[in-house]
Amino acid sequence: MKAILIILLVLPLCVLSQDSLSTHYKIYSSSKQKIVTLDEIANDMRKADVLFFGEDHNDSTGHYLEYAIFKKLADKYQGKVALSMEMFETDCQTPLNEYLAGLIREKNFITEARAWHNYKDYRPLIELAKTNHIPVTAANAPARYTNMVNRLGLGSLQQLDEKGKALLPPLPIDTATGAYYDKFVAIMGGHGAMGNMKMYQAQNLWDATMGYNVALLFRNHPGFKILQVNGGFHSEEKLGTAAQLKKYAPNVRILNIAAYDDDSFDNPDWSKFTSKADYIILTDPKLPKTF
């Protein structure tokens with residue numbers, strides 16, 4: 001029975017390693033106006049510093065592609081690659097570093113770093129980083145602080161002690177206006193559904209923290225290619241986290257990916273998506289969400 005369980009756990013990785021999903025995703029370059037490959041994205045990173053992958057958190061096909069792109073970057077730019085993830089909060093950087101260094105068990109890492117419930121989808125990224133000694137940044141703001149801002153507003157962050165503030169970008173946090181605010185209002189169902197600006201301020205804390213931590217990676221690792229993984233809304237149209245990154249590191253060169261599980265997969269109208277990102281990934285909605 002134990003042997004059967006091991007086979008069941010390993011089999012999905014074997015299947016994925018053969019790229020059996022290649023007929024279930026399509027990658028479109030907005031600038032080249034054509035279907036492209038993962039290798040072409042890796043090649044295009046020669047002229048960029050940060051690649052944002054805006055995912056659907058529940059799409060395992062998208063998660064597989066994150067790993068595939070990360071692997072190609074690690075192979076092409078050996079010793080010059082870093083990873084930044086929304087899925088870990090800044091106060092979890094210590095257990096993340098300890099696991100990457102082989103000091104603590106995976107079981108302890110998952111608990112202490114408060115890994116997401118679908119960590120199995122992100123595990124290949126972490127294991128690749130661990131094997132190849134690639135730095136990984138826990139980029140997200142601690143949930144207790146985004147919750148605090150949602151209740152008390154951005155100004156409440158000034159009441160934190162120095163240890164708390166050290167987990168965040170420099171205060172005060174800039175609140176984005178314009179297109180990003182309009183998108184946020186629309187997705188929330190209008191001004192009435194928002195109640196007040198605190199919800200949007202919490203979103204900006206989220207974005208600013210991730211943008212700041214990517215900026216630190218960029219400054220501390222010159223010449224590195226950084227893969228930033230986050231939910232799609234944070235980097236569509238290079239707004240949100242991507243725009244915050246540009247505030248902290250104006251010279252950074254950004255490419256972004258927007259991934260969608262879309263009903264138009266069989267015959268997509270790419271013009272509907274090209275304003276969203278440099279690369280559009282559509283995954284087959286007929287596939288199960290998890291493997």
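Residues are numbered from 1 along each chain as its sequence is written. In this predicted model, local features need pLDDT of at least 70 and side-chain atom pairs count only at pLDDT 80 or more, while totals for chains, interfaces and linings use all residues; side-chain values use heavy atoms, without hydrogens and water.

**The cores.** Select Leu51, Phe70, Leu73, Met85, Phe88 and Ile126, which touch the most other members of the largest nonpolar core, a set of 48 residues. A nonpolar core is a set of buried Ala, Val, Leu, Ile, Met, Phe, Trp, Tyr and Cys residues joined through side-chain atoms within 4.5 Å. Next, colour helix H3 (residues 60–76), the source of the largest share of this core, seven residues. Helices (H or I, at least four residues) are DSSP runs, numbered from the N terminus. Then centre on Leu73: beyond residues up to four places away in sequence, Leu73 touches Ala42, Met45, Leu51, Val81 and Leu227. Another core, of 28 residues, lies apart from the largest one and includes Leu168, Ala215, Phe224 and Ile254.

**Leu38.** Go to helix H2 (residues 38–44), where Leu38 is found. Leu38 has a relative accessible area of 8%, so it counts as buried (under 20% relative accessible area, 1.4 Å probe, protein chains only).

**Gln244.** Finish at helix H12 (residues 241–248), which holds Gln244. Gln244 is buried, at 3% relative accessible area. Leaving out neighbours within four places in sequence, Gln244 is in contact with Asp174, Asn204, Asp207, Ala208 and Gly211.

Definitions and conventions
Buried means under 20% relative accessible area, exposed over 50%, partly exposed in between (1.4 Å probe, protein chains only). Helices (H or I, at least four residues) and strands (E, at least two) are DSSP runs, numbered from the N terminus. Contact means heavy atoms within 4.5 Å.
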